[in-house]
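User: I'm new to this structure and would like to find my way around. Could you take a few questions with me?

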Amino acid sequence: MDTEVATRAIADRYFSGVATDAIRSSLSLLAWVIQAKQEGKRVVAIRRERMPDQFEEAILPGLEEQLAHDATWLVERPHPWRRQPWIKGRRLAAGDLARAIEIEGWSPERAANEYDIPVEAILEAQRYLASNRELVIAEEAENAIAAQQAAPLSG
Amino acid sequence: MKLLVDEDLASRELLSRLETAFPGEVIAPDRNASDEEVWSRAEANHAAILTGNIVDFLALAAQRISHSGLLLVYRQNDPSRDLRAADIVSGVAAVVARYPGGLDDMILVVNDAGTER
């Protein structure tokens, strides 16, 4: 596949067909790789369960959103105010679940056991959080505000 | 005091710790139950609900004349203040100790370890 065809395919798949966005994102990633190497770092791919304690990760907004959209275990459900996807077959919002795992410091395997859902679902929830943290935190804030304002409802 | 744990908080770790703290008093959630179903099950068992789904359960509480108690857990995007399972159990224990007569019609924030709202 030549470069132009590959660029077009990636743009169609992950960047709504906008080739310039695909190229801009690619160059951004390349710049990050170059900088990391100039700092003497290695740029590698590693399975999530083997992640070291400290690392840098490249987040590509268009790509992350599309990968989340392609998720197997995340489903959309109508809700009056929440916009997060949910874990299929469960009343667990993906971002909330990933935040709970983050707060507890659990591995994906431990979390899968804790909530009795597949590891793949945990990984998808964590990817969702990685690319939608602002929304997840905003929805947490809605709940926090409601809790703090609940005084008129007390018995 | 019976306590029904909403699915959003119901890790094995939390359920196990709660069961240790309150033997025979903890009700695990049904999977994929709606908020209304959770509420009805709690009322049928005269159980307080422990949930992080605050906006939605406060809305349900506002529609009811009475209930068996609502215990709320919220997050603050602050690792030093966000509650882990052990912290939630400590907060619930503080609430129960403070209100030995039960939690009927009370809405309490576990983060505040029993501060009535």
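Here are some questions and answers about this predicted model.

User: Happy to start with the two chains. Which helix supplies the largest share of the side of chain A that touches chain B?

Analyst: Good place to begin! In this contact, 24 residues of chain A meet 29 residues of chain B. Helices H4 (94–104), H5 (108–115) and H7 (133–148) of chain A each give at least two residues to that side of chain A. The largest share, seven residues, comes from H7(A).

User: How many residues on that side of chain A are nonpolar, polar and charged?

Analyst: The side in question is the one where 24 residues of chain A are in contact with chain B. Its residues divide into eight charged, five polar and eleven nonpolar.

User: Where do the buried residues of H5(A) pack?

Analyst: Pro108(A), Ala111(A), Glu114(A) and Tyr115(A) are the buried residues here. They span an arc of only 120° around the axis, so they sit on the same side of H5(A). Their packing partners are H4 and helix H6 (119–131) of chain A, together with helix H1 (12–21) of chain B.

User: Is Leu29(A) buried, partly exposed or exposed?

Analyst: Leu29(A) belongs to helix H2 (residues 19–38) of chain A. Leaving out residues up to four places away in sequence, Leu29(A) touches Ala58(A) and Leu60(A). A buried residue would need 20 or more other C-beta atoms within 10 Å, and an exposed one 12 or fewer. Leu29(A) has 15 within 10 Å, so Leu29(A) is partly exposed.

Conventions:
Residues are numbered from 1 along each chain as its sequence is written. Chains are lettered from A and ligands numbered from 1 in the order in which they are written. This is a predicted model: local features need pLDDT of at least 70, side-chain atom pairs count only at pLDDT 80 or more; totals for chains, interfaces and linings use all residues. Two residues are in contact if their C-beta atoms, placed from the backbone, lie within 7 Å. Helices (H or I, at least four residues) and strands (E, at least two) are DSSP runs, numbered from the N terminus. Ala, Val, Leu, Ile, Met, Phe, Trp, Tyr, Cys and Pro count as nonpolar, Asp, Glu, Lys and Arg as charged, and the others, Gly among them, as polar. The arc is that of the directions from the helix axis to the C-beta atoms.
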